[in-house]
Amino acid sequence: MNALIIARKEIHQAVRNRWVLASTLLLAGLALSLTFLGSAPTGTVSVRALDVVIVSLSSLTIFLIPLIALLISHDAIVGDMERGTMLLLLSYPVARWQVLLGKFIGHLAVLAFATCLGYGIAAAALVATGSRIGLDSLVAFAAMIGSSVLLGAVFVAIGYLVSSLVRDRGTAAGICIGLWLFLVLIYDMALLGVLAVDQGRSISAAAVDAMLLLNPADVYRLFNLTGFANVSSFAGMAGLAQSTTLSAQMLLIALLVWTLVPLGLAATAFSRREL
Amino acid sequence: MTSTVHVTDVAKDYGGLKAVCGVSFELRQGELVALIGHNGAGKTTLMKLMLGLIRPTSGSIEVLGDNPAAGQFAGRRQLGYLPENVSFDAALTGRETLAFYARLKRETVASALKLLDAVGLGDASRRRVGTYSKGMRQRLGLAQALIGHPRVLLLDEPTTGLDPELRQTFYEIIQRLAAEGTTVLLSSHALTELEERAGRVIIMNRGVKVADGSIEGLRNIARLPTKIRLKIAGLGPGELPSWLPTGAPCRRLDGHLVEIEAEPDQKIELLHSATASGRAVEDLDVLPPTLDELYAHFLRQAERTP
């Protein structure tokens, strides 16, 4: 109940601060431009138009959603402490975990709204322009939206963990940008480099799976680009899809674990903080 | 009278710094207690300890039956707190802010909104808090502390930034609450304001409680001289009244005024001789030691006995 009161206020604030509007417009704009520009290579007559959109949109999501999630979440705790609002809030009959959970629900709701609406517009635009869309493509697209929200949840939780550990907002922002760069860009490049050098001699397929599971962005990529046969043929990931033993359920569970563990750690760190 | 707050032998260290050291006291229902001391004397630290925002290094605290250090918070529904430099989320309006806090205390929003009128924010309640002045934020801070008729009120420098008129209203509100049984603990630098109102004073110095009692009680302990001011006609420059006992500390103020510093047990005797001396005394003022003087006295004493 307390968590929901706090969630409601966070959503209210996000609407007031135009966070909701800005992120929805950003996601919708990019999704729309990808939908229409991205269909150039396949032509507009293709029945697979939505599958192409899934490939390009999920690649975009890997960069954008973690960034938006970290932007919202990095100062959730340390920022409120610096502004002094946390002091007053914690003098009320609420537990600290309820504060954290409330903020999480609120921030995730904002992110989910922006993603569903932004990406939904792209799908609707395809239908409106006369593309025929198969049911399996639609399922894959819905799964993409759902997993994008889940990816957002992961990075909101990671942002809270950073926010509950550091002493000032600047540090939180710096660490979050570093984490974003590492998880979204550097990790993959490093992994690719290692695999290229190794040429499959000493690194087993299981080890590659493990390394992919250690990065939520890769888990998301794997889920969307290999999870659905019709999509993976476009993504150029068919090879990887055959070699990996990770099922869609396992990937989803991995994303859930990636959400719950940082969130739990953040709650623990926050409950030990002194203001 | 039942007590609402127990503080038992509490110490709080920040690294090597002893913010609070060996402090014990008990606050009872209906008491209006002034917590005074320099900046850094440990007043804010004590309030944060009572709220569980920080945990004591040693000792124990109980507030409305809760142990705040263990994260218990059921009693906080009946607790109001106004932090020093209160701040709110700038994007919400005054009404929305107060409604949010009322929901957290399970109070009806309508009853909380009435408080906005009580602190004189009725007209500005639909504006965003970001546009408020310091005084208006302080009013909103007071309003939120008063939500739900609290049994314990912790007010950290509540009157800073308030205009004189609102200060008056503020003291009326908290005196009424105290009369109805609320424990009010307020820290302040404005000692003259508290003098008339606080039933009890706790003086802190460098994290240690150096005095605790009613102002009358503290006057008895401190044994500071009472100032007697006399307006005497026909006194030559530099001349002192003849009936004055030799050695009594006194000085001439401007014009006809003589100020005598009377020890507590000499006070009545001096007044007798002053009135018995005939018509020369035109006017008379008796000024007991002020809270300012008592405060300075107890601090000097604390510094002498480490």
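A residue is called buried if 20 or more other C-beta atoms lie within 10 Å of its own, exposed if 12 or fewer do, and partly exposed in between, with the C-beta atoms placed from the backbone. Keep that in mind for the first residue. A:Ala123 has 24 other C-beta atoms within 10 Å, so A:Ala123 is buried.

Some housekeeping. This is a predicted model, where local features need pLDDT of at least 70 and side-chain atom pairs count only at pLDDT 80 or more, while totals for chains, interfaces and linings use all residues. Residues are numbered from 1 along each chain as its sequence is written, and chains are lettered from A and ligands numbered from 1 in the order in which they are written.

Back to A:Ala123, which sits in helix H6 of chain A, residues 96-128. Helices here are DSSP runs of H or I with at least four residues, strands are runs of E with at least two, and both are numbered from the N terminus. Leaving out residues up to four places away in sequence, A:Ala123 touches A:Leu50 and A:Phe141. Touching, or contact, means that the C-beta atoms of two residues, placed from the backbone, lie within 7 Å. A:Ala49 is 74 residues from A:Ala123 in sequence, but 9.8 Å away in space, C-alpha to C-alpha.

Now chain A as a whole. It has 13 helices and zero strands. Of its 275 residues, 45% count as buried. Among contacts in chain A with a separation of 6 or more, 84% join residues 24 or more positions apart.

Next, a helix pair. Two packed helices are described by the angle between their axes and the distance between the axes. The axes are lines fitted to C-alpha atoms, for helices over the stretch in contact, and angles run from 0 to 180 degrees between N-to-C directions. In chain A, helix H3 (residues 49-73) and helix H8 (residues 169-198) pack at about 160 degrees, with axes 10 Å apart. That makes H3(A) roughly antiparallel to H8(A); the cut-offs are under 35 degrees for roughly parallel, over 145 for roughly antiparallel, 65 to 115 for roughly perpendicular, and oblique for the rest.

Which residues of H3(A) meet H8(A)? They are A:Ile62, A:Phe63, A:Pro66, A:Leu67 and A:Leu70, and on the H8(A) side they meet A:Cys176, A:Trp180, A:Leu183 and A:Val184. By class, this contact of H3(A) with H8(A) has nine nonpolar, no polar and no charged residues. Nonpolar covers Ala, Val, Leu, Ile, Met, Phe, Trp, Tyr, Cys and Pro; charged covers Asp, Glu, Lys and Arg; the others, Gly among them, are polar.

On to where the chains meet. The contact takes 25 residues from chain B and 20 residues from chain A. On the chain B side, the largest share, five residues, comes from H2(B). The side of chain B that touches chain A has 14 nonpolar, three polar and eight charged residues.

Why is H2(B) described as largely enclosed by the rest of the structure? Because nine of the 11 residues of H2(B) are buried. Among them are B:Gly94, B:Phe100 and B:Leu104. The buried residues of H2(B) pack against helix H1 (2-16) of chain A, and also against helix H3 (109-118) and helix H4 (134-145) of chain B. After H2(B) comes B:Arg106, whose phi is positive, near 60 degrees.
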